[in-house]
Amino acid sequence: MITSPNLGFWQRSVGFVPLAWRSLLANKPRLLRSSGGIGFAVLLMLMQLGFERAFFNASLEVIRLLDGDIFLQRASKYRFATRDPFPGRDLEAARVVPGVASAWPLYASWHEIFWRNPADGKDFLVRVFAFDPDHPVLSLPQLDANLKDLSDLDTAIVDRRARRFLGMDPPPPAAELNGNKIKIIGSFALGPDFENDGTMVIGDRTFAKLLPNPRGGAPDVELGVIKSNPGSDPVTVQRAITAAVPTEIAVLTKGQLLELERRFQAEVSSAGPIFAMGTLVGFVVGMLISYQVIYTDLADQQPQYATMKAIGYRTRYLVQVVLEQAALSALAGWVPACLVSILLFRVVGQLALIPLQMTAELALVSLVLTLSMCLISAVLAVRRVITADPAEVF
Amino acid sequence: MRFALAWRILTYDKGRTALAVVGVFMAILLVFVQLGFFIAVPQGGMLLYDRTRFDLLIASTGYEYQVQPGEFPLSQLDKARTAPEVALAAPLYFGSAKWRSGEDGKAPDVFVIGLDPQDRIFTSEDINRQLAVLDRADTALVDRMTRPMFGPLTTDRVVEIAGDKVKIGGDYVLGTGFMGLGVILVSAQNFVRLFPYRKLRQVNLGLIQLKPGVDPDRAAASLRQLLGGDIQIFTRPELEAHETSYWTTRTSVGLLFGSGLIVSFIVGVMVVYQILATQVSRQLPQFATLKAVGYGDRFLSGTVITMALLIVLAGFFPALVAALGIYEVIREETLLPVEMSGPRIAVVFAATLAMAAASALLSMSSLRRADPADLFS
């Protein structure tokens, strides 16, 4: 048997909403117009915010993929994407520190290795990461290869999402790196960022062959990737490692490594202010549009408001109805804008190969911005209701 | 009459019209700014070329863009020098090295340009005059636009670059563009000392200055014949087209600012449409009356179009002035030559007119509802 729900609560609490709801729906073409206007302003804000996040995320993506919780790098390294390696013995010193479960090297090159596209014979700089295939330190997204096969000399896996002119999608059977013939044994899907067009992963032996250490021996380590023992306090381990390695080596948590990169990007690039300005314009324009919409609504419905006042409704209640209506029109603009931007992000993200994504955070930020722009304009417009004089209605 | 009516309607409700103008102003300003960046980015890549004197650029066939130029033999430049059209063939060497004297013990990468100090290749005489300093061993001139993280750039400061001690011999202003966070000039001899694996006989770029009166296109053709197919030769317009297409098609710049451009345009249309549609529906009885006394639909839509035009024009000119200010700020911050050129103004102006037309078109549907018969119902 179905029990009838207790509607009392709903009727009481929703009791006043239908008024705002109804006056919103009273004029459908106007609703369409206003949600279109507000929606486009929201879309502009969403795009600018989305681009800004994509810009920063693209450069942080690889750091997030590092499979460790403490990292060693040269203290002079000012950003992730620059080659400034340190001798492998410093990593070995860290490996024996109590609390350290594993410590393995990541080798990297950003500006030294050229990939020859086998399709057209053209050379392009690529970002190259290397590690011991038995101890991979990078979790490669959508990996379609057996990492163990990288222990064979002159093998590589490539990025299917690299910029198309590199010719990595689909992965060719073979190619050249700095003039060395390389067998391609698989691929992953990472994507370029604003400086690197494509990425390759090779084994440590192949790396040593491509970029031999000028002092001989194993190549220097770009980043030491350390996992601490489960149950040990990471801060204590970090402190113990810091004491065990020379002062030229910085010992960082993943959060600190990400923060270093984020600070560098914010300081050096003008992406932040550029996109902030676009967002601000979206906000102001949205405010103008919603003010316009709400003001017109109020003007049209002034007799109704005055009548309600005459039959005893308080100004407070009427103001509340206006604010509710503003919030509803905010939602009426925000929902379609969000849906359109999901689609737009997908299309632009695919075309530009940048990590444009609608996240819960982005949706929330844009919702707050939309609500506040509509509510601010409602507050500005509401004077009309307050001054509604029942005597003047007829 | 159409104008008079449109003007009356707009000035009747001044506050609302002011709002519309502000909205359009913001939208047009955003169009200007997005367009500015769209053009500024490739120009950032042209910075060094724009400020050096040459008629033709010789580069390797692997030339990608300024910072990734590839290498070709110096002997090609020696050969070019023998051509009767050529006045100067100057080699340029590019390299990137660790500047180990940064703030907080950091070692930022510095972009090093190696050149022959005898070749006065820069448009700025201030730089050319200082080039003589570079003949001293391990001395560099540093671009003043180099980022603060490199530490003080005072003359006579000794810094460590790629393991060598290098003395700052002076500074100049050219701009770092996309060459890097910091740029220094050194002589070719000092360049190979900094980069021991580099050889003087392999150069990155060759700048060719032609004798007065020589046609660059014809000289390029005859040099191509003389030097063979292992290198490529760009005239200045070809070079600019190449760099612009690199930045707009190879990188995300085109899509990023291109889509911003489109959305700001649509937002502009929405603002004007919003205002027009409201005004039309508010004045509907008046419009219907006009219809009843014999004015045709064409007159009424003409009035709406005039209103749209008045609003966007009122927004356009302040936006132009504000954009000039913003371009000035970008220029100072980045040293990019972001200039308000005639064609750019024309393009945005055309977009503005399109904005007016689109919004007027959208609000016509409200106008059609103006039915004299409804007037007294």
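This is a predicted model: local features need pLDDT of at least 70, side-chain atom pairs count only at pLDDT 80 or more; totals for chains, interfaces and linings use all residues.
Visitor: How many bridges join strand β1 of chain B to strand β10 of chain B, and in which sense do the two strands run?

Guide: Strand β1 (residues 56-60) of chain B and strand β10 (residues 205-210) of chain B run antiparallel and are joined by 4 bridges.

Visitor: In what order do the strands of the open sheet in chain B follow one another?

Guide: The open sheet has 9 strands, and reading across it gives the order β6-β7-β5-β8-β4-β3-β10-β1-β11 (chain B), with mixed pairing. At the edges stand β6 (158-161) and β11 (231-235) of chain B, each of which has a single partner strand, so one side of each is left without a neighbour in the sheet. From one strand to the next, the twist averages 35 degrees.

Visitor: Which strands of chain B does helix α3 of chain B lie across?

Guide: Helix α3 (residues 74-81) of chain B lies across β1, β3, β10 and β11 of chain B, and the helix runs at about 160 degrees to β3(B). Helix α6 (residues 216-227) of chain B also packs on the sheet, where α6 touches β1, β10 and β11 of chain B, and the direction of α6 makes about 175 degrees with that of β11(B).

Visitor: In chain A, which residues make the contact of α3(A) and α11(A)?

Guide: Helix α3 (residues 28-65) of chain A and helix α11 (residues 360-381) of chain A have axes that come within 10 Å and cross at roughly 140 degrees, and α3(A) passes α11(A) in a right-handed crossing. Among the residues that make the contact are A:I38, A:V42 and A:M45 of α3(A), together with A:L362, A:V365 and A:S366 of α11(A). The class count for the contact of α3(A) with α11(A) is 9 nonpolar, 3 polar and 1 charged residues.

Visitor: How is the contact of two chains read, and how many residues of chain B are in contact with chain A?

Guide: The size of an interface is often given as the accessible area lost when the parts come together. Here the reading goes by residues: 38 residues of chain B are in contact with 35 residues of chain A. On the side of chain B that touches chain A, α2, β3 (86-98) and α8 (253-282) of chain B each supply at least two residues, and α8(B) gives the most, with 14 residues. The residues of this side of chain B divide into 20 nonpolar, 13 polar and 5 charged.

Conventions. Residues are numbered from 1 along each chain as its sequence is written. Chains are lettered from A and ligands numbered from 1 in the order in which they are written. Two residues are in contact if their C-beta atoms, placed from the backbone, lie within 7 Å. Ala, Val, Leu, Ile, Met, Phe, Trp, Tyr, Cys and Pro count as nonpolar, Asp, Glu, Lys and Arg as charged, and the others, Gly among them, as polar. Two strands pair if DSSP finds at least two bridges between them. Axes are lines fitted to C-alpha atoms, for helices over the stretch in contact, and angles run from 0 to 180 degrees between N-to-C directions. A crossing is left-handed if the near helix is turned anticlockwise from the far one by less than a right angle, and right-handed if clockwise.
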